[in-house]
Amino acid sequence: MALSCSLTCYFIVLAVYTFVNVTSTPLPTDTKSLVSNKTEENDGYLPYGWDKFCTLKQESDEKIKVFFCHVKKQFSGKWSFTELKEHVNNKTVKYKFEIKCEGGSNISVPWPLKARNVLQLQVESCDLDHYLREYTQISPSNIPDELEVLDIVDSVIIIDIMDMLNIAINISELNKDFDCGHEDTLKRYVFRNITYAFDKSMELYLSSMFNNDLANMSIEVLNTGSEMLPKSRHIKHKCIFNKLEYADLSINTQTSKFHTELSTENAMFPSLRFFNLSNTRLPNLAEAHRKWYRYFQKLEVMDLSHNLFTELEFDPTADVWDIPMLTLNVSYNNISEFKVDKLEELVDMKKLFIDFSHNPLNCSCTEETRQLITYVNDQSKWIQPKYQRYRFMMDLECMYPDDIYGKRLSDLNTEDLNCKHELVERIAVEAVVFLSLLSVALIIVIIILLKFRREIRILTYTRFNIILPCQPIETFENKKFDAFVSYCNHDQEWVTSVFENTASNNPLKNFKFCLHHKDFMPGKTIFDNVIDCVEASRHTVIVLSKHFLNSHYCMYEFHEAFQQSIYERKRHLLVIMMEDIPTSDLPNDLKRCLKTFTYIRKDDKIFIDRLVYALSYKGQKAMLIDSRCRSAAYSNQTSCETDITEAGSDGNSSPISMIDRDNIFPDLINEKDIVSVKNEKNNIL
């Protein structure tokens with residue numbers, strides 16, 4: 001509760017944000033006139049000169065003197081609690097003060113307001129100076145608690161920034177007198193419509209520590225404030241307000257959301273009966289509000305009206321506790337929905353009554369609204385005693401939708417909800433949302449398909465054996481090898497691991513590769529072997545590296561393969577880039593080749609898939625014959641038993657394993673075809 005200095009200081013830290021956004025805090029200027037009667041002279045009861053603005057009220061007697069002090073601008077700063085404490089210390093009478101300021105006048109009231117013989121202090125419309133000044137008095141005070149009533153309303157607390165930061169940093173070491181105030185005697189505490197402002201110490205602190213940078217100073221101060229909550233949990237004492245019955249902290253827009261937690265962790269309120277937290281912008285019901293019986297055992301009224309609650313919350317187990325009935329006011333909040341089952345549960349409670357009138361009720365066409373209307377219009381309920389206190393539900397007014405705005409629940413029926421209109425509107429909104437999301441999803445899919453169209457075509461073929469539409473038709477060639485691999489000796493280890501030592505689950509196992517270290521014919525020259533191997537292969541794979549460029553034999557193999565591509569008028573060449581090679585280091589023919597023919601990077605994540613796709617025969621309505629069958633055909637054999645792939649009419653191929661093609665298909669390639677192709681080539685050459 002704000003009567004604890006640690007909690008008050010927490011509010012002050014929050015006020016820094018307001019200071020940063022508003023260069024100067026306006027001080028109250030308007031005051032209400034208050035007539036007081038002057039009945040007798042002060043007779044030394046007040047410090048010297050106070051008789052100019054303080055008068056003794058009629059209700060004073062021999063034991064208790066009640067003074068009204070009207071502090072106008074010319075008397076600003078004259079009323080000082082420190083001066084009063086010294087003056088009345090040895091008096092034999094008790095004091096009560098009612099103070100009203102005009103024109104932003106100041107009075108000095110250093111917390112915790114400990115003074116002998118002072119029973120009551122009521123302050124209205126004043127600027128309170130030196131509020132945290134006595135923090136430096138760490139030792140326990142020898143002044144007993146005497147203050148019974150402390151009312152401060154419509155006032156501004158002026159803060160010294162260094163005092164505030166010192167308390168925030170050392171909050172766990174706070175002196176109990178300073179933290180708790182008059183815990184043994186205080187009966188009434190009002191801290192209503194209080195704001196905070198900083199004195200000239202703020203300008204000095206800003207200029208000396210942050211070079212007038214408000215943003216950095218705000219971050220530093222707020223960080224210090226955020227550390228207060230965990231530090232406050234290490235406070236070793238508890239404030240026990242045994243006589244406090246009335247607490248009013250309303251109209252304080254700077255109330256922290258941790259307010260209730262802070263006040264109940266380090267304080268106890270065994271006698272509190274009235275607790276006002278209205279107009280404090282609290283966002284929801286705190287744990288101590290729902291389970292008030294644990295923290296405020298005698299509480300009878302808790303006012304939480306004019307806040308920001310959005311749900312009707314309560315604890316149904318409160319009935320088992322031996323406590324008085326609590327009236328909880330949550331009117332004028334933002335609660336828009338009331339469920340019948342929760343209302344029935346609330347009606348059955350004997351230890352709790354909640355006033356939830358004047359909330360913005362949403363009467364849209366929902367099942368909950370229909371149930372609520374039926375519930376309210378059930379007259380058999382309202383004649384029962386337990387329902388009588390909630391008859392105000394019949395007068396709850398709809399705030400939405402517009403066509404039934406202002407209508408009472410008791411005047412509505414389910415037909416008035418216009419459910420068809422609501423349903424059409426909801427369907428329209430849902431349709432727009434769905435189509436918008438669908439459009440966004442389609443756009444994303446299209447972008448992905450366009451950007452990765454080649455990768456998608458490759459993976460659907462290599463992983464699922466599916467040929468996508470718009471695939472260019474390839475002319476079938478029955479050659480001995482799928483590819484002749486041209487490489488330099490420096491790359492032989494890598495070439496062997498990829499093209500020769502293929503495991504049973506490797507996609508390259510069905511291809512036959514020509515490698516010069518095992519397939520060149522002895523007795524022939526290297527050049528003749530290169531020519532024969534290139535001509536006997538459907539593709540030539542160039543393993544391109546810097547070492548390849550430095551090898552005359554490798555470059556000869558490249559030129560032969562390049563000529564073969566020109567002769568066959570197809571993409572015969574396939575280049576594997578082993579490393580990054582500057583363009584300036586490439587021969588002109590190889591530069592043109594890389595722009596024209598397929599090339600694959602060794603470090604490509606789908607390197608094997610790209611290689612398989614480039615080497616595979618993807619003809620329409622034809623069979624892909626594996627290396628053993630093509631080898632047999634090349635040796636003038638007309639049939640073989642092998643793995644084949646049949647391409648269906650839809651262009652998607654499916655594997656057929658170990659069958660005799662002569663028993664299913666007529667020969668697509670025979671010996672005469674091979675001889676005629678060879679003769680035609682010889683004639684062209």
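## Exercises on a predicted model

Ser357 touches Ser331, Tyr332, Phe392 and Leu396, leaving aside residues up to four places away in sequence. The model used in these exercises is predicted.

**Exercise 1.** Locate Ser357 and decide whether this residue is buried or exposed.

*Solution.* Start with the place. Ser357 lies in the loop between β15 (352–355) and β16 (361–362). Next, take the accessibility. Ser357 has a relative accessibility of 13%. The cut-off for buried is under 20%. Ser357 therefore counts as buried. Last, look for a polar partner. The side chain of Ser357 makes a polar contact of 2.8 Å with the side chain of Asp355.

**Exercise 2.** Work out how helix α16 is oriented against helix α23, and which residues meet.

*Solution.* Take the axes. Those of α16 (residues 453–464) and α23 (residues 607–615) come within 9 Å and cross at roughly 80°. Angles of 65 to 115 degrees count as roughly perpendicular, so α16 is roughly perpendicular to α23. Now list the partners. From α16 come Arg454, Glu455, Arg457, Ile458, Leu459, Tyr461, Thr462 and Arg463; from α23 come Asp609, Arg610, Val612 and Tyr613. Sort them by type: 5 are nonpolar, 1 is polar and 6 are charged.

**Exercise 3.** Find the residues that touch the most other members of the largest nonpolar core.

*Solution.* This core holds 110 residues. Trp79, Phe97, Ile99, Ile107, Phe356 and Leu409 touch the most other members. Strand β8 (residues 188–198) gives the largest share, 5 residues. A second, separate core has 22 residues, including Ala483, Val543, Leu574 and Ile600.

Conventions. Residues are numbered from 1 along each chain as its sequence is written. This is a predicted model: local features need pLDDT of at least 70, side-chain atom pairs count only at pLDDT 80 or more; totals for chains, interfaces and linings use all residues. Side-chain values use heavy atoms; hydrogens and water are left out. Helices (H or I, at least four residues) and strands (E, at least two) are DSSP runs, numbered from the N terminus. Buried means under 20% relative accessible area, exposed over 50%, partly exposed in between (1.4 Å probe, protein chains only). A polar contact is a pair of N or O atoms within 3.5 Å; within protein, one must be able to donate a hydrogen and the other to accept it, and residues adjacent in sequence count only if both atoms are side-chain atoms. Contact means heavy atoms within 4.5 Å. Axes are lines fitted to C-alpha atoms, for helices over the stretch in contact, and angles run from 0 to 180 degrees between N-to-C directions. Angles under 35 degrees count as roughly parallel, over 145 as roughly antiparallel, 65 to 115 as roughly perpendicular and the rest as oblique. Ala, Val, Leu, Ile, Met, Phe, Trp, Tyr, Cys and Pro count as nonpolar, Asp, Glu, Lys and Arg as charged, and the others, Gly among them, as polar. A nonpolar core is a set of buried Ala, Val, Leu, Ile, Met, Phe, Trp, Tyr and Cys residues joined through side-chain atoms within 4.5 Å.
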